[in-house]
Amino acid sequence: MQWGLIGASTIASEHVIAAIRAQEGNSIKSVLSSNPQRGADYAAKHSIPQSVTDLDTVVGDPDIAAVYISTTNEKHYAQAMAAIAQGKHVLCEKPLAMTLGEAVEMVHAADKAGVVFATNHHLRNAGSHLAIRDLIQSGRLGQVLSVRIFHAVHLPAHLQGWRINDAAAGGGVIADIVVHDADTVRFYLGEDPVDVVAKAGASGMGQGVEDSVMSVWSMPSGAMVQTHESFTHAFAGTGIEVHGTEASVIGRNVMTQQPVGEIALVDEDGRQDISYSGHGLYVRSLSLFTQAIAGNGRPAADGVDGVKSLAVALAVRDAAESGQTVRVDYGGI
Ligand code: NDP
């Protein structure tokens with residue numbers, strides 16, 4: 001299967017190009033960039049046969065069956081809709097779109113066209129998160145009381161562009177990281193947050209967007225979720241904790257793109273390290289996506305998952321701006 005890359009991005013170069021090529025029979029034919037020279041340089045660097053500047057050239061190419069969209073966030077909607085209209089399968093980066101309505105439209109369009117449409121939420125592909133989810137789902141923790149997420153990182157210098165200074169491109173830590181945490185909680189608990197409260201701040205790393213946020217979510221089961229996302233914390237480390245009536249599971253250094261980190265189960269008998277698979281997160285995401293195209297199973301995170309993670313992030317933004325409790329609007333999906 002031949003792919004088109006929509007966006008000459010960092011995430012494609014650091015993770016997704018290799019993950020596509022790790023799938024048997026998959027190759028990349030084309031990369032779309034808005035800048036001809038950058039596109040040509042990117043294609044040469046990554047041994048991609050062709051670089052183009054016109055979206056229709058990629059989505060209209062009969063050789064290309066699937067596209068990976070990793071442009072800045074405000075472009076995802078129009079690019080995905082164009083690809084779907086041409087019958088291409090779409091793996092789209094998070095957040096799916098700038099508005100809930102657009103994201104819902106993307107999912108409906110893909111359903112109608114009969115193409116596979118997925119969201120590249122990498123965390124639910126990690127061996128660590130799969131192991132934690134299995135512990136929760138098996139009942140080992142008892143009734144889940146709370147989840148605490150520590151996802152305050154220091155944005156690397158090479159990513160300190162649109163994310164910290166361009167609200168129109170979808171910048172800000174809420175669009176960038178809260179979506180991943182929402183997806184992870186939904187994946188763990190199998191339920192969707194009902195309402196949220198939040199506070200956001202801008203410490204001066206960028207301009208015009210928030211670089212830190214803390215929020216609390218209510219789950220239908222009664223579980224409470226507490227999250228902290230930031231671009232400005234150099235030394236905090238990441239983690240996730242799920243606390244139940246029978247046990248707690250503690251993940252450290254697991255909110256990451258690499259298959260790393262430690263997990264421990266703590267109960268009345270003490271603390272026990274939990275082992276997990278060390279496979280690549282993006283390789284698994286691409287594997288499930290290509291299998292779904294072949295008619296086997298479903299992507300790790302589909303379009304509905306992308307709509308729901310966006311819905312939670314938008315509610316967190318509304319709550320931070322208004323100071324009110326905000327009910328999460330899932331757009332009827
Ligand atoms: P980048 O900033 O690297 O790329 C986004 C766009 O910026 C590219 O499409 C490109 O435009 C342009 N660009 C890239 N490099 C340069 C440069 N040196 N000078 C000028 N313009 C440049 O973004 P990311 O790769 O960090 O993120 C892309 C998308 O992927 C976002 O939607 C983000 O949310 C998502 N993402 C997802 C992750 C995940 O794990 N699921 C992790 C990281 C990001 P053009 O294509 O026109 O050349």
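Let's start at Ala 8, where a polar backbone atom sits 2.8 Å from an oxygen atom of the ligand. I call that a polar contact, meaning a pair of N or O atoms within 3.5 Å.

How much of the ligand does the protein cover? On its own the ligand has 890 Å² of accessible area, and the protein covers 79% of that. Those areas come from the Shrake-Rupley method with a 1.4 Å probe.

A quick word on where this comes from. This is a predicted model, in which local features need pLDDT of at least 70, side-chain atom pairs count only at pLDDT 80 or more, and totals for chains, interfaces and linings use all residues. Residues are numbered from 1 along each chain as its sequence is written, and side-chain values use heavy atoms, with hydrogens and water left out.

Now step back to the whole shell. The ligand is surrounded by 25 residues, and the closest are Thr 10, Ser 33, Arg 38, Asn 73 and Tyr 282. Here, being near means having a heavy atom within 4 Å. What kinds of residues are they? The shell divides into 6 nonpolar, 14 polar and 5 charged, with Asp, Glu, Lys and Arg counted as charged and Gly among the polar ones.

Both domains take part: domain 1 (2–121 + 283–296) and domain 2 (123–281 + 311–327) each give at least three residues to the shell. The bounds come from an automatic or database domain assignment.

Let me finish with two backbone details. Most residues other than glycine have a negative phi, and most peptide bonds are trans. Ser 47, in the loop between helix H2 (36–45) and strand S3 (50–52), has a positive phi, near 50 degrees. Helices (H or I, at least four residues) and strands (E, at least two) are DSSP runs, numbered from the N terminus. The bond from Lys 94 to Pro 95 is cis, with omega near -20 degrees, and Pro 95 lies in the loop between strand S5 (89–92) and helix H5 (100–113).

Notes: A polar contact is a pair of N or O atoms within 3.5 Å; within protein, one must be able to donate a hydrogen and the other to accept it, and residues adjacent in sequence count only if both atoms are side-chain atoms.
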